Amino acid sequence: MKGGNAMAMTFIEVKTTDPDFNLALEQYVFDQMPRNRGYFMLWQNDNAIIVGRHQNTLAEINEAFVREHGIRVVRRLSGGGAVYHDMGNLNFTYIVDASGGARLDLKLFCQPVADALGALGVQAEVNGRNDITIGGQKFSGNAQYVREGRVMHHGTILFDSDLSVVGQALKVDREKIAAKGVQSVQSRVTTVRPHLPKDASLAEFKALLLEKLFAGQPMERYELTAEDMEAVEELRRERYGTWAWNYGASPAGTLIRRRRVEGCGTVEAHLLVEKGVITAVSFRGDFFSAVEPEALEGRLMGARPVREDFEKALEGVEISQYFSGMDRETFLEILCGARRPANLTEL
């Protein structure tokens, strides 16, 4: 790594695009691989949102869009904001000894990437605390995890991603204003491919980037063994593939779902979520009801704030008794934060 730690480096070829597995692999390399050398990985995730360690997952994602489009949501070890990954995005990871002890130094790892892109004819700059930009537009977000004298630095490179999906998947709705935790900051983004002097596929770009990053430096390649794969799979099962980690590890917060429904009125649902499940519910608005909606609260307590759990909790319930003029499907959509313009009006 130019300008960084001079220790011997090993390149680990990552052959899966499974986000649960790939984040488990990062932790495995950080925790279990020999510490007498550094490691570098280039990898991809297929349709995933990766949230920061201290974020409230439900406050960062457009849950309805994510569910409808089969986008995976996984929490990483490092802090920072949520990012979207697709097969047009390339991720990079350094795992080396931490210079300066536990001090975070993102530029140390971002600058070599910017320099490598410069060698490819792309004028990239390191801006702010953790961004790499082209012409002031962000294409790379970065984060770090430091423990026991080692640092894991990972970042994204939006090479040819679908930016329209990025905006929809990570849309933070006004309904989520009361959620606690570190929130992502929206910024102008771009992709690398249009800025290349000579067009290249992502596979070609990956090879060129690796060549420029480590030009003139010895690097050995490491193939994961069956034992490595088994250990990573176990970590995936126990942590990165679980609701408890990806959602339940969020800071406690209140989800506010507010809509005006034609023929019913304004309905506002306040869902207090702790450790990934609902622990308190209240309904407010100018609706009419034959039965007080507080009677529904007991059914929703302990449910995860996802459609599957809402459907199960409300099985057999006549919603119009609690919210006159509302049908079951509309109520489920409100609880889930979904949108149906035909009969829902956003406030």
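# Sheets, spaces and a salt bridge

Reader: What makes β4, β3 and β5 a sheet?
Author: Three strands, in the order β4-β3-β5, make up an open sheet with mixed pairing. Strands here are DSSP runs of E with at least two residues, helices are runs of H or I with at least four residues, and both are numbered from the N terminus. Two strands count as paired if DSSP finds at least two bridges between them. β3 (residues 48–51) and β4 have four bridges in the parallel sense, so this pair meets the rule of at least two. Within it, Val51 stands opposite Arg75 in β4.

Reader: What kind of model is this, and how are its residues numbered?
Author: The model is predicted, so local features need pLDDT of at least 70 and side-chain atom pairs count only at pLDDT 80 or more, while totals for chains, interfaces and linings use all residues. Residues are numbered from 1 along each chain as its sequence is written, and side-chain values use heavy atoms, with hydrogens and water left out.

Reader: Which strands form the eight-stranded sheet, and in what order?
Author: The order is β7-β8-β9-β10-β6-β2-β1-β11, in an open sheet with mixed pairing. β7 (124–127) and β11 are its edges; each has a single partner strand, so one side of each has no neighbour in the sheet. From one strand to the next the twist averages 20 degrees. Angles run from 0 to 180 degrees between N-to-C directions, and axes are lines fitted to C-alpha atoms, for helices over the stretch in contact.

Reader: Why is the contact between Lys15 and Glu223 called a salt bridge?
Author: The term requires a side-chain nitrogen of Lys or Arg within 4 Å of a carboxyl oxygen of Asp or Glu. For Lys15 and Glu223 the N to O distance is 2.5 Å, so the pair qualifies. Lys15 is in the loop between β1 (9–13) and α1, and Glu223 in the loop between β11 (219–222) and α7 (226–240), so the pair ties together parts 208 residues apart in sequence. The structure holds 20 salt bridges.

Reader: What makes a space a cavity or a pocket?
Author: On a 1 Å grid over the protein atoms alone, a cavity is a set of points where a 1.4 Å probe fits but cannot get out; a pocket is an open set with protein on both sides within 12 Å along at least five of seven lines, and lining residues have an atom within 4 Å of a point. Two cavities of 30 Å³ or more are counted by this rule.

Reader: What is the volume of the largest cavity, and which residues lie nearest its centre?
Author: Its volume is about 70 Å³. The lining has 13 residues, and Asn56, Leu58, Tyr247, Ser250 and Val273 lie nearest the centre.

Reader: What is the volume of the second largest pocket, and what lines it?
Author: This pocket has a volume of about 310 Å³, a volume being the space filled by probe spheres set on grid points joined across faces, edges and corners. Its lining has 15 residues, with Ile71, Arg72, Val73, Trp243 and Tyr247 nearest the centre.
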